[in-house]
Structures are given as structure tokens and as C-alpha cells.
Amino acid sequence: MELRDYLRVLRRRWLSILVIAVAVTAAAGVFTAVQTPQYASTARLFVTTSQTNDAQLLQGGQFSAQRVKSYADLITSRELAQRVIDDTGLKTTPADLADQVEAQAVLDTVNLDVTVTDPDAQQAQVIAQSYAEQLTDLVRELETPAGQADAPIKATIVDAASYSDNPVSPQPQRNLALGVVVGLMLGFGLAVLREVLDTRVKSLDDVAEITDAPTLGTIAYDAAATKTPLLTQIPPHAPRAESFRVLRTNLQFVDVDSEQKVFVVTSAVPGEGKTSTAVNLAISLAQGGARTLLVEGDLRRPMAAKRLGMDEAVGLTNVLVGKVKAPDVFQIHNDSRLSVVASGPIPPNPAELIQSHAMEDFLAYVREEYDVVIVDAPPLLPVTDAALLAAKSDGALVVLSHGKVTKEQVRHSIERLGQVDAHFAGLVLNKVPAKGKSYGYGYGYGYAPGDQAKAIHLPGGVHD
């Protein structure tokens, strides 16, 4: 992934990143609130030898520095913990007490810091002082040679155990700051992981990764489309209507040398809006003045004629089996002057009918009668019908539903068209959210006429 990819992830999923960051910060706050405050007390010891001349002092200093590390290790011993328990009268075990204490040899010195943490500040001081005293006694006992009264090395308390009523744990500011940082990193990491694993098509960049074929248009998402699915039911300057006008314009540049064009409109999988796209594209072409025919080529689940409110009883299947002539099944949609051929009765063998010579004869006839023929075909992946129809047409338009179809499904769909040597005219990205203006061709800018035209008085009495 490049920098722009990470920025795109941030732009797309900033809300989820923020939610995770807030959740982690809140968890850090709760964790901080339920923790028992811990107080620390530190005592410092100085380890020295009894040598007097310079050479002995140097050797003694090196010996003391080595010994300090051993004494630091003795701090967590059960023997020393038991001595402290006996000295202070604590009601605990040596193992538990050893967990409360730690020792640190100060680098390049013979100093040893003993730190004790406890929920009670005063008790932490008492324990730390006892540890320092008991350690000096233990060092004297361990370092005194047999038969002698004095040890050549000793530990001396130079700083008595300190007292502080400021807890060292928890640290609310630090924990909350860490919560914010960790939350943002976790949120962004999960967003990137989700982006990498999410193979759905959600932008023109995703389409460009799949194929070099042009994207002829992007259809704006309209929440009211279920109630008003047709262009004739919405204002002419609605974003969805503008989307289809752009698609209509781009379609004119496909195979510009051919006067009659037959286009199959299909999709990778069901539910991507290919029927709505086919119907509204045909309406838009008819409104633009082209003699347009919509053929319901989905002989398995026909929906186009029903959406237009046309008679479904007689149609394409009747022509293909020789029951009626082609001109007898043409219907006119009154609102758009669009010619429509319904599917007719659903046959038991749709693929065989589509491959028949009768289908070729029908398409040859409508090529001569109309400027543009739009065939609403089934999805490409579930059945072979769409690929067979595409092979008999001038081009296939594949409708992709924004955020639903995957890149792999689109690749397989394009491969299926290639297997039958069908001409792949281009893609149509459907149900694109209005906030994604970068996905479209300007439909989201809302350049509709005003409610009332205002007259502009020009010199000479001319009005504009």
C-alpha cells in the first residue's frame, strides 16, 4: 500500500477508527479507576571496603561494584523477606513480600536503591527501612570471615526510606494518553486490515485494478428508488436522472462506426440493479430522441416489463418458438415512448432459446428497426444466458453494485465474456453514495434550475 492508500483508508474509515480509539481510551480510564493506588518508598545503601592505600582502594572499589549486583539479587530472597516480616510484624508470606520490593544498582557506582511499593504510604516506608537495615545485617553476616569480628566489606544506609503520599500507580494522565495512542494505532491497524481483506468494489480505483475497460457511468444512490424506480417518476434534474444522461452520452461513443447498436446489460451476481439500469438507460435514450427498444432477455426471472407496467403475457419466447411475429410483441411505454418486448412465458430451456437461429433473426430484425436496442440479461456468474446474449450483441455493459460485488466476481464475469468472444463495452458503477463525488462524473453538484427565474434587466430594455 502507498501513502495515498493509507490516506484513503483514513478518509473512508475515520469514524470506526475514532470509535475504537474512544473505546480503548475508556477502557484505560476504567482500568485506571479500579486500580488500587500504590505508594513507593526508596532507601539508598552505599557499599564500601576497608582498604586504605590507593591500590587497595581501587581494587576494593571494583570488588564493591561487583558485590552490589549480588546484594541487589539478595533483595528478593525469601531469607531477607522473612527477616523483614519478623522485624515489622507483617501478616504476609515471604513470597508475597518479595513481590513488593525491587533493588537497582546505580550504574558505575557502588550505590544500591531499594524500593518498596504498598497500598499504604506509611507502611511502604516502614518496609523499605526494614529492608535496608536487614540487608546491612545480612551483608555483614555473609561477608565476615570465620573467626573474625569485622567484614572487609559492608553496606551502609546513606538515605533512609523516603515517604510520599503521591501514588506512583496508577498514573491517570499517562494511562489515558497511552489509551488514545494505542486506540488510534489499533483502530487504524484494524481499518487497514479490513481494507486489505475487503475485496468489494467501492471506487473507480478498485475498478481500474480489475480491468482496463472504461467505466461508462456511475449511478447515484437514491434511497427513494424503491418507491420511484423509473426516471419518468422523478424530477428531470434529480441526481439519478443526471447519472443516466451521462451514461447515455458516454454510450454514444461506443462503437461509433456502427449505426445500429445492440447492448446487453448484465451484472456479475443478482441484486446489483442491472434491470433498473437497463430500464432507465432505455428510457433515457428514448427521451434523448433515439428510437429505442428494450428487450427483456432475462427468461428466468423477468422483471423489466413488470417494472414498466407492461403486459407480460406475450413476448420474446413467443417469437423464438414461432408462435407470433416480432412486430406483434412490441409495446409502447406511454410515459417515455419507449418500445418494449416482454419476456413472455418462462421457458424450461432459456439457454437453448437464446442460442437458437430464431434469436439471431430477431436481433437482426430489431437492428434494422431501432437506433439502439437494450437487452436486459440475467447475471453472468449464475447462468450462461448473459454470455450467450453478449456474444450476439455489439457490446455488454456490466453493472457493478457499489460495496456489494467483489473484485474476484467481476474478474470471473469479464472472463466469462471473453470465453464466448463477446465485446465488453464497459462498466457501470451502480448505487454510488452521494458523498463519493470522486467516483462519479459530476452528478452530485446539483445544477438544477431555480424555483423561479429572475429577470435581469439589460441596457436597451432587453431581458435575460
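**Notes on the predicted model**

1. Let's start with helix α10. Of its 14 residues, 12 are buried, so the rest of the structure largely encloses this helix. Bear in mind throughout that this is a predicted model. The buried set in α10 runs as K274, T275, T277, A278, V279, N280, L281, A282, I283, S284, L285 and A286. The cut-off behind that label is under 20% relative accessible area.

2. The length of α10 holds up to a quick check. The helix covers residues 274-287, and at 1.5 Å a residue its 14 residues should span 20 Å. The end C-alpha atoms of α10 are 20 Å apart, which agrees with that expectation. After α10 comes G289, and the phi of G289 is positive, near 100 degrees.

3. Next, a helix pair. How do α2 and α7 cross? The axes of α2 (residues 14-34) and α7 (residues 172-197) come within 7 Å, with a crossing angle of roughly 150 degrees. That angle makes α2 roughly antiparallel to α7, because angles over 145 degrees fall in that class. As for handedness, the crossing of α2 and α7 is right-handed. Sorting the residues of the contact between α2 and α7 gives 14 nonpolar and 7 polar, with no charged residues.

4. Now the sheet. Its 4 strands form an open sheet in the order β2-β3-β1-β4, and the pairing is antiparallel. Which strands sit at the edges? They are β2 (101-105) and β4 (153-159), each of which pairs on one side only. On average, neighbouring strands in this sheet are turned by 25 degrees against each other, direction ignored.

5. Zooming in on one pairing within that sheet: β1 (residues 39-49) and β4 run antiparallel to each other over 6 bridges. If you want a residue pair to look at, take L45, whose bridge partner in β4 is I157.

6. The bond from S169 to P170 is cis, with omega near -5 degrees.

7. R337 has a phi near 60 degrees, a positive value in a residue other than glycine. K431 also has a phi near 60 degrees, again positive in a residue other than glycine. Where are the two placed? R337 is in the loop between β8 (331-333) and β9 (338-341), whereas K431 is in strand β12 (residues 424-432). On accessibility, R337 comes out at 56% relative accessibility and therefore counts as exposed. K431 comes out at 33%, so K431 counts as partly exposed.

8. T292 is in strand β7 (residues 292-296). Is T292 buried or exposed? At 3% relative accessibility, T292 counts as buried. The C-alpha atom of T292 is separated by 8.7 Å from that of R337, and the two residues are 45 apart along the chain.

Methods: Residues numbered from 1 in each chain as written. Predicted model: local features only at pLDDT ≥ 70, side-chain atom pairs only at ≥ 80, totals over all residues. Heavy atoms only, no water. Axes fitted to C-alpha atoms, helices over the stretch in contact; angles between N-to-C directions. Helix = DSSP H or I, 4+ residues; strand = E, 2+ residues; numbered from the N terminus. Parallel < 35°, antiparallel > 145°, perpendicular 65-115°, else oblique. Left-handed = near helix turned anticlockwise from the far one by under 90°. Nonpolar A, V, L, I, M, F, W, Y, C, P; charged D, E, K, R; others polar. Pairing = 2+ DSSP bridges. Expected span 1.5 Å × (residues − 1). Buried < 20%, exposed > 50% of the residue type's maximum accessible area, 1.4 Å probe, protein only.
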